[in-house]
Amino acid sequence: MIIGVIIGEFCDNVQEAFDTVRFDSVSVPIAIGLIVMMWPILTKVQYEKLPQIFSSSRIWIHIIISLTLNWIFGPLVMLGLAWATLPDLPTYRTGVILVGLARCIAMVMIWNQLARGEANYCAILVVINSVLQIVLYSPYSLLFINIIGGQDSIHVSYGEVAISVLIYLGIPLVAGVITRYGVQLVTSKAFFERRFLPVFSPLALLGLLYTILVMFAYQGHHIIHNLGPVFRVFVPMILYFIIMWTSAFVLIYYFTRKGVGRHDTFGYQMAVVQSFTAGSNNFELAIAVAIAVFGVNSDQALAATIGPLVEVPVLLALSWVALWLGQKLDWRIPDEKSESHANTSGSV
């Protein structure tokens, strides 16, 4: 992050260089980093287990929870925070709202991996929310900015959203499936799991570091020379990520302790999946839309870019919080706790 800002401030024409390499409204340098970041994670997904997962009621419960958090609760929270903290900065407020409407897609899988969440369920929820973005992002933008916000200023085409989703999810998804089953076909499943994945997996973190570097270099100059509005925009962003993550994590913990559903319906791994799915955003889509509609040097684009600049350190910190809470909190459902106590008493 620091190196990126220094590059953006002191290296001339960095932003112009990035903008010359674009596919439609998609920044190719950022797209490369996100694809590299997602590729190893989507290679780990056990696609052969998906039919079994979808046959269980557990996945449908979590799909309903995720859709509620992502498409009802999340956009309304960001809308309220944007208006409460930026009433006098309408252009920056629009950029913040665009971030809130762009639901999880890329980095959520990194945070889920770091916090040791359930990889298969995370992949399913990311794919479902990504497909819904193609349908809902445009009308949501019109509703929350033009109608509710009273600004006749934005029009987002379904094509722009579809291209973004296909590039950032479609390419690494296809690459992950081909890599997983190609390597197993050529070698063996044991070689794939014990020899290949340990060497291939760190590529995701390298992709993350590269993406962060590029993003901060891309907007480093604007950040330095607009510190006042930038720090104002930090407020709703930080509050949003914390509120969304905490709400989802507490909700799943509450369901776990109350014994809602079957014994394996919730638990720590699913708390991680739901909290990071709810708390993450498709920042590149928000940035691409802001640039396409308002221009690369607009306040809206700068505000949208601040989204990942806040998301990365906040959700990285929350990954550590999740691991700590996974150890400190009692994740057993009441029946398991009573059984454990009975066994202990019998042993005594």
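## The cavity

One cavity of 30 Å³ or more is counted in this predicted model. The space in the largest cavity comes to about 60 Å³.

## What lines the cavity

The lining of the largest cavity is made up of R22, S27, I30, M215, Y218, E284, I287, I291 and T305. By residue class, five of the lining residues are nonpolar, two are polar and two are charged.

Two helices, α11 (203–224) and α14 (283–294), each contribute at least two residues to this lining. Helix α14 contributes the most, with three residues.

## A nonpolar patch on the surface

On the surface, a nonpolar patch is formed by F73, V235, L239 and I243. Together, these residues have about 280 Å² of accessible area.

## L239 within the patch

L239 is one of the residues of the nonpolar patch, and its place is in helix α12. Is L239 buried, partly exposed or exposed? The relative accessibility of L239 is 37%. Buried means under 20% and exposed means over 50%, with partly exposed in between, so L239 counts as partly exposed.

Notes. Residues are numbered from 1 along each chain as its sequence is written. This is a predicted model: local features need pLDDT of at least 70, side-chain atom pairs count only at pLDDT 80 or more; totals for chains, interfaces and linings use all residues. Side-chain values use heavy atoms; hydrogens and water are left out. On a 1 Å grid over the protein atoms alone, a cavity is a set of points where a 1.4 Å probe fits but cannot get out, and a pocket is an open set with protein on both sides within 12 Å along at least five of seven lines; lining residues have an atom within 4 Å of a point. Grid points are joined across faces, edges and corners, and a volume is the space filled by probe spheres set on the points. Helices (H or I, at least four residues) and strands (E, at least two) are DSSP runs, numbered from the N terminus. Ala, Val, Leu, Ile, Met, Phe, Trp, Tyr, Cys and Pro count as nonpolar, Asp, Glu, Lys and Arg as charged, and the others, Gly among them, as polar. Patches are made of residues with over 30% relative accessible area and no salt bridge: like charges are joined within 9 Å, nonpolar side chains (Val, Leu, Ile, Met, Phe, Trp, Tyr) within 5 Å. Accessible areas come from the Shrake-Rupley method with a 1.4 Å probe; for residues, only the protein chains shown count as cover. A salt bridge is a side-chain nitrogen of Lys or Arg within 4 Å of a carboxyl oxygen of Asp or Glu. Buried means under 20% relative accessible area, exposed over 50%, partly exposed in between (1.4 Å probe, protein chains only).
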